[in-house]
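Here is a short briefing on one protein structure. Look at the sequence and the 3D view, then read the points below by topic.

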Amino acid sequence: MSRPLRQSSARLALAGLLLVVAAAACGAPNSGGSNSKDESPQQVPAKPSKPVTLNILDVAGNLQLTQGMIDAFVKQHPDIISKVTYSKAPAPDLAGKIKAQQQAGRVQIDLVLTGTDGLSAGLSQKLWSSMTAYQSRIGNPDYLEPAAAMQKLAQGHGTAVVYYPSGPLVEFNPDKVSAAPKTPADLLAWAKAHPKKFQYADPANSGPGRTFLMGLPYLLGDKDPGDPVHGWDKTWKYLKELDKYVGVYPSGTAELMKNLGSGQDDMVMSTTGWYINPRALGTVPKKMKAGHFDNMTWVTDAQYAVVPRGVSADKMSATLQLIKWMLTPEQQAKAYDDGYFYPGPAVKNVPLSMAPQKSQQVIKEYGVPEFDQWIDQFPKKPSLPAAQQVKAFDIWNREVAGR
């Protein structure tokens, strides 16, 4: 019997992102309130003429990792930034919000912290300032190789500020599961033998769900892991079969972790950060274990700082100095946080020993020493660009969850 789709916030978010991508594909005139060609770089002073107020919008939960970096800069450089205001919004709302301000000629958001979804939607509509002309102000960050690959997705219009290898990982209750499955076939067999005790969250609103979705084509040997429409035949067949034993798909990862913590589930899909952080917060019992598939490929993730077009020269000057500061090893060490985006730093030579003492204690108590071995052991591939992710989510909604 088919399972009706839930009208969850995740699906409303997906609908919004679909509209953004569709609008971008139509090539709306004067997208971003400027000529369709890249605008000429403005003359930006070395220092603002007077301290500025910087308005920062977070659509990725990034402030959990970077607000400490930003606040430290403001404290040490009151001659550059007098005040910072922080606000948050769903990623699918980002492009419309920025575009409306640009078309009105009143850009009120000076810096956006975003994942690949908001980054790509803004690139499609030419909403972000080109940073190429200002690269010397930021310098050349000594990125980790996978973070450098993620940086390429910005196409010169943004800067990767945090990175992690994500997953897919399996998290399980050792009282109920003797060992993590070694292959997708093992996972399917376990789910079949234990109906409704395995879950993964809606990929449109869950990092672990999304990572599982994008990691399967590598694990299953699909034709083209970069093409969910024409290259994922094995993946879609597998997920349709797994669907028979999953039950309900949680609308987000927080709900998934609550289900694991309450005993509703015995096994879920997870990531490095989602394994560490909920256990540190007490949402999930500390006893839970994590495992990986044999011959896995890490699906990597990053978050970016982007500057909307129309920001004043003084505010651009301040933002360039702030981004440069955020990419120093001393500030990058704060990205370890409480394991939320483990490891977190995007640049090289930032060991855990540089992190705040609280971060070191959390990761020592709740982390997995083998994570670093696994990160070194297995290959890494960037996550799909947003447009391809939307296609994958749409197919999953129609052919897996909506059957």
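The lining of the second largest pocket is made of 15 nonpolar, two polar and five charged residues. In this count, Ala, Val, Leu, Ile, Met, Phe, Trp, Tyr, Cys and Pro are nonpolar, Asp, Glu, Lys and Arg are charged, and the others, Gly among them, are polar. This is a predicted model: local features need pLDDT of at least 70, side-chain atom pairs count only at pLDDT 80 or more, and totals for chains, interfaces and linings use all residues. Residues are numbered from 1 along each chain as its sequence is written, and side-chain values use heavy atoms, with hydrogens and water left out.

**The second largest pocket**

- The space in this pocket comes to about 500 Å³.
- A pocket is an open set of points on a 1 Å grid over the protein atoms alone, where a 1.4 Å probe fits, with protein on both sides within 12 Å along at least five of seven lines.
- Lining residues have an atom within 4 Å of a point.
- Grid points are joined across faces, edges and corners, and the volume is the space filled by probe spheres set on the points.
- The lining has 22 residues, and those nearest the centre are Tyr 336, Pro 343, Asp 372, Ile 375 and Asp 376.
- Helix 14 (357–366) and helix 15 (369–377) each give at least two residues to the lining.
- Helix 15 supplies the largest share, four residues.
- Helices (H or I, at least four residues) and strands (E, at least two) are DSSP runs, numbered from the N terminus.

- Four strands form an open sheet with mixed pairing, in the order 6-7-5-8.
- Its edge strands are strand 6 and strand 8 (289–291), each of which pairs on one side only.
- Strands of a sheet pair through backbone hydrogen bonds, either parallel or antiparallel.
- Here, two strands count as paired if DSSP finds at least two bridges between them.
- Strand 5 (residues 169–172) runs antiparallel to strand 7, with four bridges.
- Within that pairing, Val 170 has Met 269 of strand 7 as its bridge partner.
- Strand 6 (residues 198–199) pairs with strand 7 in the parallel sense, over two bridges.
- Phe 198 has Met 267 in strand 7 as its bridge partner, and Gln 199 stands opposite Val 268.
- In strand 7 (residues 267–270), Met 267 and Met 269 point one way, while Val 268 and Ser 270 point the other way.
- Those four residues are all buried, which means under 20% relative accessible area; exposed is over 50%, and partly exposed lies in between (1.4 Å probe, protein chains only).

- Glu 171 is part of strand 5 and is buried, at 0% relative accessibility.
- Its side chain makes a polar contact with the side chain of Ser 270, at 3.0 Å.
- A polar contact is a pair of N or O atoms within 3.5 Å; within protein, one must be able to donate a hydrogen and the other to accept it, and residues adjacent in sequence count only if both atoms are side-chain atoms.
- Glu 171 and Ser 270 are 99 residues apart in sequence, yet their C-alpha atoms are 5.9 Å apart in space.

**Salt bridges**

- The structure has ten salt bridges, each a side-chain nitrogen of Lys or Arg within 4 Å of a carboxyl oxygen of Asp or Glu.
- Lys 47 and Asp 79 form one of them, at 2.8 Å from N to O.
- That pair joins distant parts of the chain, 32 residues apart: Lys 47 sits in the loop between helix 1 (9–26) and strand 1 (52–58), and Asp 79 in the loop between helix 2 (63–76) and strand 2 (81–88).
- Lys 47 is partly exposed at 44%, and Asp 79 is partly exposed at 35%.
- Lys 358 and Asp 338 meet at 2.7 Å, N to O.
- Lys 358 lies in helix 14 and Asp 338 in the loop between helix 13 (329–332) and helix 14, so this bridge ties together parts 20 residues apart in sequence.
- Lys 358 is exposed at 51%, whereas Asp 338 is buried at 16%.
- Glu 241 and Lys 244 form a salt bridge with their closest N and O atoms 2.9 Å apart.
- Both lie in helix 9 (residues 233–246), three residues apart, about one turn of the helix.
- A network of salt bridges links Lys 240, Asp 394, Arg 398 and Glu 399.
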